[in-house]
Amino acid sequence: MSEAASDQPILTVEHVDVTFTGRRRHIKVKAVVDVSFSVRPGETFGVIGESGSGKSTLGRAVVCLLRPSGGKILHAGVDPFKLTSGELRQHRRAFQIVFQDPNAALDPRMTILDSVCEPLDVAGLGTAAERRRKALEILDRVALSEELVHRYPHEISGGQKQRANIARALVLEPRLIVCDEVVAALDVSIQADMLNLFADLQREFGLTYLFISHDLRVVAHISDRVAVMYAGKLAELAPADQLMDAPLHPYTQALLSAEPEPKVPEGGVSRRIILKGEIPSPLAPPPGCRFHTRCPIAQAECATREPEWREVAPGRFVACHFAGKPLPTRGSVPLNGSAAI
Ligand SMILES: Nc1ncnc2c1ncn2[C@@H]1O[C@H](COP(=O)(O)OP(=O)(O)OP(=O)(O)O)[C@@H](O)[C@H]1O
Ligand code: SF4
Ligand SMILES: [Mg+2]
């Protein structure tokens, strides 16, 4: 987790939508809908949510691999989508992404050293000798020895490949790195080492992370603040410790209660909330609150009225009609019955 962060955002996401158009043009996949948040330099901003909730789509839009269909993304105040293609190429060096699959960015026909030199070669930075020296320095920093860097991807382990991917991103001296499920494909025994490496690199290079994962513990461990995504929208945003100690949105509460050792809420008893059903299809999201088809406390109005994204305490945002408020008592019937056991 980072030490300090200034107030000037390095990343601003304002009412961003990302819609994919299918081969048949009338088919629209609304993968990200009206998402807003900002990230301070030096911060680790976690994004959590089930498979298909839109995390990777959001991460790819943040580094300009996808163009939002609505809203705005600003990099330290600059709209990257308004730059010329030459300016954008240069600008994007500062905003990198590392993917879940350690093989994704490594060419099987190139040695690890050549793969890490490649972004510098493409950018034409310095002489060939300088680029090689820089790549070796960064590879050493991510603990890949000189013996390993002359090997090909198939000759090293998954963890070592992921270190090479981090080196490929770092070599361009980025300011922000989107880490998309970067430890998910790795053995549990080396996940902690990798998370420590990310934390060390952040301190050393002053990095900002957008840290995407479906694993709440991983995100809470490394993040300063965490956003919870559900079916393309944000459900909750809070400082990591507050989210873990006192989640406000019923979906976050369900995610936390599914942990092997769910926390006992203040003044309450520990209970496991079993969510019924699947995350809704982005082709036809439910009306009203997107979570109403699975929410254990959903009321009739949840099926028709969409909750506002509101700040319920300084720095704590939630999209639920009833978060922090009593449920209606008269004439109210939970839509889904009690899902708690
Ligand atoms: N290129 C695409 N074309 C059409 N639909 C897409 C495309 N990419 C993603 N989607 C859809 O957008 C939705 C969000 O996908 P996304 O990959 O962002 O989810 P995710 O939260 O990263 O999931 P996971 O945890 O499985 O990685 C999904 O329904 C997915 O099928
Ligand atoms: S608005 Fe209603 S359905 Fe949505 S999370 Fe809140 S209580 Fe549940
Ligand atoms: Mg993903």
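Reader: Which helices and strands supply at least two residues each of the lining of the largest pocket?

Author: In this predicted model, α2 (85-91), β5 (95-98), α3 and α6 (158-170) each do so. The lining comprises 25 residues, and those nearest the centre of the pocket are Arg92, Gln96, Pro119, Arg168 and Leu172. By class, 14 are nonpolar, five polar and six charged. The volume of this pocket is about 670 Å³.

Reader: Why are α3 and α4 called oblique to each other?

Author: Helix α3 (residues 112-123) and helix α4 (residues 128-141) pack at an angle of about 120°. Angles of 65 to 115 degrees count as roughly perpendicular and those over 145 as roughly antiparallel; the pair is therefore oblique. Their axes lie 9 Å apart, and the crossing is right-handed.

Reader: What makes up the contact of α3 with α4?

Author: Ile112, Leu113, Val116, Cys117, Leu120 and Asp121 in α3 meet Arg131, Arg132, Lys134, Ala135, Leu136 and Leu139 in α4. These residues divide into eight nonpolar, no polar and four charged.

Reader: How many cavities of 30 Å³ or more does the structure hold, and what lines the largest cavity?

Author: There are two. The largest cavity holds about 80 Å³ of space. Its lining has 13 residues, with Pro250, Cys289, Cys295, Cys302 and Cys320 closest to the centre. Since Cys and Pro count as nonpolar, these five belong to that class; the whole lining divides into 10 nonpolar, three polar and no charged residues.

Reader: Which classes of residue line the second largest cavity?

Author: Five nonpolar, three polar and two charged residues do, among them Lys30 and Arg290. This cavity contains about 40 Å³ of space.

Methods:
Residues numbered from 1 in each chain as written. Chains lettered and ligands numbered in written order. Predicted model: local features only at pLDDT ≥ 70, side-chain atom pairs only at ≥ 80, totals over all residues. Heavy atoms only, no water. Axes fitted to C-alpha atoms, helices over the stretch in contact; angles between N-to-C directions. Helix = DSSP H or I, 4+ residues; strand = E, 2+ residues; numbered from the N terminus. Parallel < 35°, antiparallel > 145°, perpendicular 65-115°, else oblique. Left-handed = near helix turned anticlockwise from the far one by under 90°. Contact = heavy atoms within 4.5 Å. 1 Å grid on protein atoms, 1.4 Å probe; cavity = no way out; pocket = protein on both sides within 12 Å on 5 of 7 lines; lining within 4 Å. Points joined across faces, edges and corners; volume = space filled by probe spheres on them.
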